[in-house]
Amino acid sequence: LASAQSGDAPLPKERLDQISLQALSITRPSQRLPLPRGADDTFSLDPAALSGMAPGPWLILGSEGSWCRMRPKLINSPNPPPPELPPDSLDALSLIPEALERHKQLHLWAQQLAVQPEDAQWLQVDEALDTLDSLPPTTLNHLNALLETPAALAMLVLRVPRARLDVLWR
């Protein structure tokens, strides 16, 4: 978990034993895949472990309990997206490789979602909100787009159950 190039100090063995590695789908954060540890206490992104991933971008997270202990690494699933993927869906927009274009398209998506309170994509937003206990809010681009779009933020506040409003204020 430490890199000689990064200047990070390696974790002591007793702390390393507490670290778990998992892959988290960016567009469906409830989809998490544990990644196995090798016999030599290293983690690898074994293609066999990645074969169960849904198409799209995933974050590789190293956690100690509920605390993220390493900078998340973005990878793309080796599995191709389905051909019938709607071009304006969160799943399709998350596949845009160029960051500025993806940012622009996610803001347009947020504007459209703001006027569609019954859209099924709000369920993906709900899943994303559930990650805020263990990940910084800026981790997921689509949450940023919603929070930066006034109408979408208003709809988000209206949709979130009162008991979960504290998640938005953090």
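**View 1. The largest nonpolar core of this predicted model has 29 residues.** A nonpolar core is a set of buried Ala, Val, Leu, Ile, Met, Phe, Trp, Tyr and Cys residues joined through side-chain atoms within 4.5 Å; buried means under 20% relative accessible area, with a 1.4 Å probe and protein chains only. Trp109, Trp122, Val125, Leu129, Leu143, Leu146 and Leu156 have the most contacts inside this core. Its largest share, five residues, comes from helix 4. Apart from it lies another core, of eight residues, including Leu21 and Ile60.

**View 2. Helix 4 spans residues 99-114.** Helices are DSSP runs of H or I with at least four residues, numbered from the N terminus. From first C-alpha to last, helix 4 reaches 22 Å, close to the 22 Å expected at 1.5 Å a residue, where the expected span is 1.5 Å times one less than the number of residues. Arg102, Leu106, His107, Trp109, Ala110, Leu113 and Ala114 are buried in helix 4. These residues lie on the same side of helix 4 because they cover an arc of only 160 degrees around the axis, taken from the directions from the helix axis to the C-beta atoms.

**View 3. Trp109 touches Asp88, Leu90, Leu93, Gln121, Val125, His142 and Leu146, not counting residues up to four places away in sequence.** Contact means heavy atoms within 4.5 Å. The buried residues of helix 4 pack against helix 3 (90-93), helix 5 (121-129), helix 6 (141-147) and helix 7 (150-159).

**Notes.** Residues are numbered from 1 along each chain as its sequence is written, and side-chain values use heavy atoms, leaving out hydrogens and water. In this predicted model, local features need pLDDT of at least 70 and side-chain atom pairs count only at pLDDT 80 or more, while totals for chains, interfaces and linings use all residues.

Note on methods
Helices (H or I, at least four residues) and strands (E, at least two) are DSSP runs, numbered from the N terminus. Buried means under 20% relative accessible area, exposed over 50%, partly exposed in between (1.4 Å probe, protein chains only).
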